[in-house]
Amino acid sequence: MMRSEASKPKRDVYTTKITLASHMRGRGGTSDGDTGHGHGSGLDFMDSYTDTEYSYQKNRTMTIIALIVAIVVVAAILGAIMFSMFVFSESSNIIVSEPTVLLDGNHTLTPAQSLQFANKWLLSQQDSEYSWSNTPQALIAIRLGNPKWFLNQALSELSIKQMSIDLLDEMLKGVSVNEHEGERYTDFKMSTGDLATYMNAMAASCIDLNNFHGYSMTRSLHHAIRTFPASNDKNYYYYSLAVLAFCNAGERGIKDYIDNIKAAQQKDGGYKYGIDTTSMVVVALSCLSSSKQRKTQVIEHIQDAVNNILHQQKDDGSFGNLLNTANALQALLATNKEWDSTIVQNALSFITSRQKRDGSFGSVSVTAQIIPVLAMKTFADIRKVAKCEEETPTYIEEPEVLIKVFLSVTSAIGNDSTITPMMYPVTTEQGSTLYDVLVRAKEQHHFSFITREGGKWGHPIVGVNGLTEDVEDIDAYWAICIPEDAETSLGLDDVIPQDGDKIFLVYTRTVNT
């Protein structure tokens, strides 16, 4: 499992690399025949030095330390610049609006709207070190659901570096350092599933998996997956994540892994441990089926697994819980087939209806798992979406998309002369709630409003332009109408106006029957 933020050691990237280098030299030594597996202690190795060799190493070490100190100073300056830019962009662009409902009586967001709020919430969960409680999962989700974020180095580079620091720290805990066909790699103590998640996140972040600070991550994963099933890695869900990591890295020579997955399929087309495992197997095999040769090898197994998944869809559109449903949707999307729209749409409706008012689905891990399907993407798309060779980083922040909303204030109570009908054109950011629109109207016009906290639908409106609800006339109130003659039961936090929409704030009275 990924470590929580509270337990992560705060380690400087340069200190980590120096410690790692010392650690690796200490584990050098002789090779065991032709296997290339190093062994022996650092002390034995140092005792074998001659005085001249030792002096050379000492001088070389001092030179390296001097260079590193210079690099640290430059990095600190650059870091300060990036931090200031990051704070500015965060304060001006990352606004966590509450998700809302567009149509009265329909309490389900469209997938695109749900995705927008989930992305904003996820970005708001970064800590002071620019990481998340599960940074690899978060970076994968952002690559698939909000890829433009990676174009801004001020926003993305610090998070990617923090993930690299965490991984370097895990390398220090490795059992041994080995070499295979000229590639150095380390044995990680973390599970195969966690290692595969890191590697998929590295692929999403355009990090070279074959040369991570001089070490081959793909070789480490080859070594880990060949011990499958170890006591903590019996689930083909994690095995499939590893195969996905190889696929996203463009790795060859993985036929044995494909054969293992095919052999583990049960008679009903599913896999042990249920729909999550079956779904991830489909995503992994679909990623590998890009070539005609591989497609003929796995197409039958994919179809049997998909049929198993389809038979598990429930009347509410789900395939079980939120994660079951998100994983099942990934499997269906990964096959690139034109599914009956009701299958996918009902599953998406189930997911969006479970979204919380803050935009999340409960936690960073769950939200990160759901974001890809809201963007109609899967883990098999990581390499294709990343386009690392084409990506051109920039420090220029993407401009907000602005829309214009027309806000009307009027009265429906007889010949009420206390209200002057007004129409306010309001410019606001796309995705703003009606509450946000009223705030912008207050900034752009001679307009005022009053709300109170604690209403069923967020901020209930109780006053506009100085006219508040009459406490003596309990039937009089301010209504939100879309259009003018259609009062909605939704509150200010439950409406997202679109460009050109007309929103009516009407002072009216309850009709007694």
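View 1. Helices (H or I, at least four residues) and strands (E, at least two) are DSSP runs numbered from the N terminus.

**View 2. E429 in strand β4.** E429 is placed in strand β4 (residues 422-429), and this residue counts as buried because its relative accessibility is 18%. The side chains of E429 and T428 are joined by a polar contact of 3.3 Å; such a contact is a pair of N or O atoms within 3.5 Å, of which, within protein, one must be able to donate a hydrogen and the other to accept it, while residues adjacent in sequence count only if both atoms are side-chain atoms.

**View 3. Packing of helices α4 and α15.** Helix α4 (residues 111-124) packs against helix α15 (residues 364-374) at an angle of about 145°, the axes lying 10 Å apart; axes are lines fitted to C-alpha atoms, for helices over the stretch in contact, and angles run from 0 to 180 degrees between N-to-C directions. From α4, P111, S114, L115, A118, N119, W121 and L122 meet V364, T367, I371 and L374 of α15. By class, this contact of α4 with α15 has eight nonpolar residues, three polar and no charged ones.

**View 4. The largest nonpolar core and another core.** The largest nonpolar core has 95 residues, of which L122, W132, M217, L244, I351 and F379 touch the most other members; a nonpolar core is a set of buried Ala, Val, Leu, Ile, Met, Phe, Trp, Tyr and Cys residues joined through side-chain atoms within 4.5 Å. Helix α9 (residues 236-248) gives this core its largest share, ten residues. Apart from this core lies another, of 26 residues, among them I403, V437, F449 and V495.

**Notes to all views.** Residues are numbered from 1 along each chain as its sequence is written, and side-chain values use heavy atoms, with hydrogens and water left out. As the model is predicted, local features need pLDDT of at least 70 and side-chain atom pairs count only at pLDDT 80 or more, whereas totals for chains, interfaces and linings use all residues.

Note on methods. Contact = heavy atoms within 4.5 Å. Nonpolar A, V, L, I, M, F, W, Y, C, P; charged D, E, K, R; others polar. Buried < 20%, exposed > 50% of the residue type's maximum accessible area, 1.4 Å probe, protein only.
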